[in-house]
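Dear colleague,

Please find below the structure that I am handing over to you. A summary of the findings follows it.

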Amino acid sequence: MEVIAVDGRNSSLSASTLVTVQILDVNDNSPVLVGDYSWKYLCTPRWEDQALVLASRDSDGPQHGGRLNFSLRSDATVRRNWKLTPINVTVCTCNVRGNCKIAAKPLEGMPTIQSAVGILLGTFAVIGTILIIIFVRLSYQNPKDSKETNQERAPLKI
């Protein structure tokens, strides 16, 4: 196409050039829903928190397809009875079985390996201390028999 630029005050001042537009990619694929939704349903009268999650895909890919937007038609009845809410999804690298390879974070309040080992060693220390006390007390209550002990048991002669 030819582009001409003209000065607004003086039409004799102008310039023109040829511009070539090369279309590298045409958005020739429309988005489609992914999955089978024929078995899903919504109840009437409406239940609280009932929802239907729809997934879509554009074969042009993210670099050429752009962001997909869902919308309801402008009918007042439809807008009163239905609501679209976007949800956040986690996109991650998956292994060959389709499982996400994101490393699991430790749950808040859950013990770590170090705390579990500390608790275990502390428990053994308390049990060991109790057993030592019991054995020491038993050894003092039952003195061993010796020669002196046998003489003490003999009846006294007056």
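In what follows, two residues are in contact when heavy atoms of theirs lie within 4.5 Å. Among contacts in the chain between residues at least 6 apart in sequence, 25% join residues at least 24 apart. Please note that the model is a predicted one.

The chain holds 4 helices and 4 strands. Their order from the N terminus is β-β-β-β-α-α-α-α. Of the 158 residues in the chain, 4% are buried. The accessible surface of the chain amounts to about 15700 Å², and carbon and sulfur atoms account for 58% of that surface.

A nonpolar patch is found on the surface. Its members are I113, V117, L120, L121, F124, V126, I127, I130, L131, I134, F135 and L138, and together they have about 1200 Å² of accessible area. One of these residues, F135, belongs to helix α3, which covers residues 113–141. F135 has a relative accessible area of 56% and is therefore exposed, the cut-off for that class being over 50%.

As to charged side chains, those of opposite charge can pair when their charged atoms come close. How many salt bridges does a search of the whole structure find? The search returns 1 salt bridge. The side chains of R73 and D75 form a salt bridge, with an N to O distance of 3.6 Å. R73 is exposed, at a relative accessible area of 58%, whereas D75 is partly exposed, at 32%.

Yours sincerely

Technical notes
Residues numbered from 1 in each chain as written. Predicted model: local features only at pLDDT ≥ 70, side-chain atom pairs only at ≥ 80, totals over all residues. Heavy atoms only, no water. Patch = residues over 30% accessible without salt bridge, like charges linked within 9 Å, V, L, I, M, F, W, Y side chains within 5 Å. Areas by Shrake-Rupley, 256 points an atom, 1.4 Å probe, with all protein chains shown as cover. Salt bridge = Lys/Arg side-chain N within 4 Å of Asp/Glu carboxyl O. Helix = DSSP H or I, 4+ residues; strand = E, 2+ residues; numbered from the N terminus. Buried < 20%, exposed > 50% of the residue type's maximum accessible area, 1.4 Å probe, protein only.
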